[in-house]
Amino acid sequence: MSQEKQLYTVSVYTENNIGLLNRISAIFQRRHINIESINSSVSEIEGVSRFTILVKITEEQMKKIIGQIEKQVEVIKAFYHTDDETIYQESCLFKVKSDLLFNERQIQNIIKDSNARIVTVNKEFFVLEKSGRKSEIELLHRELSIFGILQFTRSGRISVTKEPMEISKMLEAFQQ
Amino acid sequence: MKETQTIEKTDIKTQVTERISGSEAVVRCLLAEGVDILYGYPGGAIMPVYDELYKYQDKIHHVLTRHEQGATHAAQGYARISGKVGVAIATSGPGATNLITGIADAQIDSTPMVCITGQVGSHLLGTDAFQETDIIGISTPVTKWNHQVTKASEIPEVLAKAFYIAKSGRPGPVLIDITKDAQFDEFDFKYEKCTGIRSYIPVPKTNTTALKAAAKLINEAKKPLVVWGQGIILGEAEAEFKAVIEKSGLPSAWTILGASAIPTSHRLNVGMVGMHGNYAPNVLTNECDVLIAIGMRFDDRVTGNLATYAKQAKVIHFEIDPAEIDKNVKTEVAVLGDAKASLKALLPLLNENSHHEWHQKFKDLYKIEVEKVINGDLNPTKEGLTMGEVLKEINNQSKGKAAIVSDVGQHQMIACRYAEFNETKSNITSGGLGTMGFALPAAIGAKMAAPHREVVAIIGDGGYQMTIQELGTIFQTKVPVKIVVLNNDFLGMVRQWQQLFFDKRYASTEIQNPNFITIAEGYYIKAKKVTKREDLAAAVKEMMDAKEAYFLEVSVEKEDNVFPMIPTGASVSDIRLS
């Protein structure tokens, strides 16, 4: 097993319960592992939540952590995947002064080239939304920061796997 | 804020619902789960439940401990000797936080326990109200499951889940926090036991291929070694385990929590592994060709340095918790599942064997240990009393039938090394967490759960004073526990390490003790102190014969060390005899 650290996307299917985020993040904290990003949302199954957690660790560590996550009573199933095995995206918002949009021609090109979307424009500011890989978002951030960014925020990674995840089947098996 | 649930009459066979308060529901749930005793301490936020305990006192016995930590250890002692779920109850804030040490202890030692805490009213949550603490947040890392109840109607389902989770699979502690308004509110009560949770697989399926592969390895082994843990006891697999090792003639060693699963005198029992375990099983761990681990978790106190642990051996791991597989030691074959079922299925696949030559190695090394360590411990010629000879005397007089409840430190290692066990569930000690103060309250719970058994607490002078207030519980309940304090006027284990690894700089380990006899007598407990060898046997006899609680203090040699010893970070085969 590789002893080299690499990025893993952890997908955790859980019951929707207060406190579960604490329980899961504590498993990483105990081992002094930094969570790069974490996202919690509903999943494809009604009543089932899905955590998407990004960590940079060795595969050996990853396997042990998956075991400890799955051990939690309200966790249905946990998976880990490399970037090659998933389709993933991040999303971000930029708030920029509106006059720049008219005074700096370059900005319009940047927006066009980056496939960013203008969410809203008013007299004072406009808001730009961009989804994509982290590197694309970082590039856009670099380009816009030359002109000044009023506010910036980036979401955690969300991802789906190329392989099917058979959570529904597992839950059906329990019903029987 | 009244609950307005309508009576469900969909299933006539189940009991008709009844309108009761949340607090009465708590007690009714406990009764439905077969709880007849619980340990706790009242306070503001749990008063409604105590009011119901008062009404139901002919059906359920509440034991007032002198500190909430004592309640958890008593519940642990109760659970460890009986196999049933122990129950502890406390109020919010400090009452709840005082439970934490016991909960952490139960978590790491897989003890089934349900803790119920009162909480401030739900409208006050998060406002820094009087005696409010986020006990759910605090207890999350040390519970198998926890849950906060803010509505009375949730109580039956949540408590049913609590007992199911605490007891099933790999057991553990569960904490249920109930707001005061949820205790007062009325609702239509109906109780159904929990039989399953969709996200929770308590016992993983046993893979037949893995089982066959395990059998093949065991059958082909020339030098097999079994290391068993508490999984045998928790899984009530003692008979199946015995059948397996007897059929294949497997030398078997135990972890501290596995002790007593088979009798000490069993011909295949080769002793304890780990830091202060026996010489032979530790040394031969690094010589065996197949290591068969059953219901144990390769704790670092067992393995010493992992880089040099059993590297020559193929490891088979029988385990109920998938997260333990490959956690510390790489396995060749992992057999997931319940120990009782797995071992039963394994038995017919095994060949009969005796491994005579291999057994001889254990005997040879045992002889060395007897000469270098055991003789000096059990038959000392020096003037001072040894802890070992006290244990020997207790063995003699109890005929190995006593349940030994030990605290943490030198006396614990001596107790585990030398106590003779003839009955399972006889070694109750804080293994994983190493909680000083565990023994006195745990002995109370153990004796209450098994009144027919002799329960002897073996405690050091340090740990004794961490929960000494529970003498009050013993006095009030008249529970006839036998308490032995092995007093060396030192925090002995730390002192031993200071001697060996810190150039004898005895930082804060010399302890000035009070008059323990006066203290015991202050609680009206019979007490005696022994300082001379010639008085020991008579004093132990008087203690064992006593029908009521008894306190025996034995002054032992101040600076004795526990050997053998695997220094931290050393290999099991580098175990020191002196």
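Okay, some housekeeping. Residues count from 1 along each chain as its sequence is written, and chains are lettered from A, with ligands numbered from 1, in the order in which they are written. Because the model is predicted, local features need pLDDT of at least 70 and side-chain atom pairs count only at pLDDT 80 or more, while totals for chains, interfaces and linings use all residues.

Let's start with chain B. Along the principal axes, the C-alpha trace of chain B spans about 75 × 65 × 40 Å.

What about burial? In chain B, 55% of the 578 residues count as buried, meaning 20 or more other C-beta atoms, placed from the backbone, within 10 Å of the residue's own. As for contacts (C-beta atoms, placed from the backbone, within 7 Å), 78% of those in chain B with a separation of 6 or more come from residues 24 or more positions apart.

One note from the records: an unreviewed UniProt entry annotates residues 21-136 of chain B as "domain: Thiamine pyrophosphate enzyme N-terminal TPP-binding". Such annotations may be inferred rather than shown by experiment; positions are in the numbering used here and feature names are shortened. That stretch of chain B is 43% helix and 18% strand, with its end C-alpha atoms 23 Å apart.

Now chain A, with 6 helices and 9 strands. The radius of gyration of chain A is 20 Å, well over the 16 Å from the globule rule for 176 residues, so chain A is more spread out than a compact globule. Its C-alpha atoms fill a box of roughly 65 × 40 × 30 Å along the principal axes. Of those 176 residues, 26% count as buried.

How is chain A divided? Domain 1 covers 6-81 and domain 2 covers 87-154, with bounds from an automatic or database domain assignment. The C-alpha centres of these two domains of chain A are 31 Å apart.

Last, where the chains meet: 15 residues from chain B and 16 residues from chain A make the contact.

Definitions and conventions. Buried ≥ 20, exposed ≤ 12 C-beta atoms within 10 Å, placed from the backbone. Contact = placed C-beta atoms within 7 Å. Helix = DSSP H or I, 4+ residues; strand = E, 2+ residues; numbered from the N terminus. Rg over C-alpha atoms; globule rule 2.2 N^0.38 Å.
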